[in-house]
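Thanks for making time for this one this morning.

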Amino acid sequence: MQQKILSIQVFLTCCIPLALISGPAMPDVIISILALIFIFLTFKYNLYKYYNNPVIIILFVFYFFLIFSSLLSDHIFHSFESSLFYCRFIFFTLSCWYIMENYNKFNRYFLFSISFSISILIFDGFIQYFFGTNLIGLPYKGDRLSSFFGDELKLGSYLSRMMPIFLAFITLIYSQNKKIIFFALLIFILSDLLIVFSGERTSLFYLLFSS
């Protein structure tokens, strides 16, 4: 049973890069499900060792500080909307740690997922830039590229945040493979161009920082 649950965790985690393209709702649902699964596994298989970590302890202290701050707020219920379920990100982090420690092929599966997501966005972004519309007919309005994000204009934001993760996994798995490293650098340069074309200032900062 534990191995089947682990396979479900791997599948859901690998879906996150693609789910992020659809908007915030689906990734949030996936993260919440993964958090609940890890809470269940904690009690079922006594995974308390994962909580005995300075970073995790600091995150939980920060979470309880948020709860305490919400209790002191003039608008308690409104404040709780953002603070009460913040803990799902902590349990999601623990879930990722658990997966990487117990599923040997996870790194490769996740790298494939994030590589596919970035590659399809880069291809679609350049199609939109050169031909005026992307693969599903969303127009390029002449100032900012959007690709599949449409009116949300988050192409640069997505690429600037995903590229460091992509490069980290490439380095972790294929540091000795010159052809794959060359491919990764090519993807990095193309994503840099799209981030510039997207016109997002914050993304440009992330671009410079990660570069």
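Phe188 sits in helix 8, and in this predicted model Phe188 counts as buried because its relative accessible area is 12%, which is under the 20% limit. If we set aside residues up to four places away in sequence, Phe188 touches Met163, Leu167, Ser210 and Ser211. The C-alpha atoms of Phe188 and Ser160 are 9.6 Å apart, although these two residues are separated by 28 residues in sequence.

Let me follow one of those contacts, Met163, which belongs to helix 7, residues 155–174. Met163 is buried, with a relative accessible area of 1%. Beyond its neighbours within four places in sequence, Met163 contacts Ile118, Ile187, Phe188 and Ser191. For a sense of distance across the model, the C-alpha of Met163 is 16 Å from that of Ala19, a residue 144 positions away along the chain.

In soluble globular proteins, nonpolar side chains tend to be buried together. Here the largest nonpolar core has 57 residues, and the members that touch the most other members are Ile118 and Phe166. Two or more residues each come from helix 1 (2–22), helix 2 (25–45), helix 3, helix 5, helix 6, helix 7 and helix 8, and it is helix 7 that gives the largest share, with nine residues. As for Phe166, its contacts, again leaving out neighbours within four places in sequence, are Leu111, Ile114, Ser115, Ile118, Phe183, Ala184 and Ile187.

Now a residue of another kind, Asp124, which is found in helix 6. Is Asp124 buried or exposed? Asp124 is buried, and its relative accessible area is 0%. What, then, lies by its side chain? A polar atom of the Asp124 side chain is 2.8 Å from the backbone nitrogen of Leu135, and, apart from neighbours within four places in sequence, Asp124 is in contact with Asn134, Leu135, Ser147 and Phe148.

Let me turn to the aromatic residues, of which the structure holds 24 pairs. One of these is the stacked pair of Tyr63 and Tyr86, with 6.3 Å from centre to centre and 20° between the planes. Tyr63 is in helix 3 whereas Tyr86 is in the loop between helix 4 and helix 5 (87–102), so this pair ties together parts that lie 23 residues apart in sequence. Both Tyr63 and Tyr86 are buried.

A second pair, Phe126 with Phe197, is edge-to-face, because the planes of the two rings stand at 85° while their centres are 6.5 Å apart. Since Phe126 lies in helix 6 (residues 106–131) and Phe197 in helix 8 (residues 178–198), the pair ties together parts that are 71 residues apart in sequence. Phe126 is buried, at 16% relative accessibility, whereas Phe197, at 24%, counts as partly exposed. There is also an aromatic cluster formed by Phe38, Tyr50, Tyr51, Phe60, Phe91, Trp97 and Tyr98.

Finally, the cysteines, which I expect some of you will want to ask about. How many disulfides are there? The count is zero. The cysteine sulfur closest to that of Cys14 belongs to Cys15, and it is 7.3 Å away, which is too far for a bond because a disulfide needs the two sulfur atoms within 2.5 Å. Seen from Cys15, the closest cysteine sulfur is that of Cys14, so the distance of 7.3 Å rules out a bond here too. Cys14 is buried, with a relative accessible area of 13%, while Cys15 counts as partly exposed, at 25% relative accessibility.

I will stop there and take questions.

How values were computed:
Residues are numbered from 1 along each chain as its sequence is written. This is a predicted model: local features need pLDDT of at least 70, side-chain atom pairs count only at pLDDT 80 or more; totals for chains, interfaces and linings use all residues. Side-chain values use heavy atoms; hydrogens and water are left out. Buried means under 20% relative accessible area, exposed over 50%, partly exposed in between (1.4 Å probe, protein chains only). Helices (H or I, at least four residues) and strands (E, at least two) are DSSP runs, numbered from the N terminus. Contact means heavy atoms within 4.5 Å. Rings of Phe, Tyr and Trp (its six-membered ring) pair if their centres lie within 6.5 Å; planes under 30 degrees apart count as stacked, over 60 as edge-to-face and the rest as tilted. A nonpolar core is a set of buried Ala, Val, Leu, Ile, Met, Phe, Trp, Tyr and Cys residues joined through side-chain atoms within 4.5 Å. A polar contact is a pair of N or O atoms within 3.5 Å; within protein, one must be able to donate a hydrogen and the other to accept it, and residues adjacent in sequence count only if both atoms are side-chain atoms.
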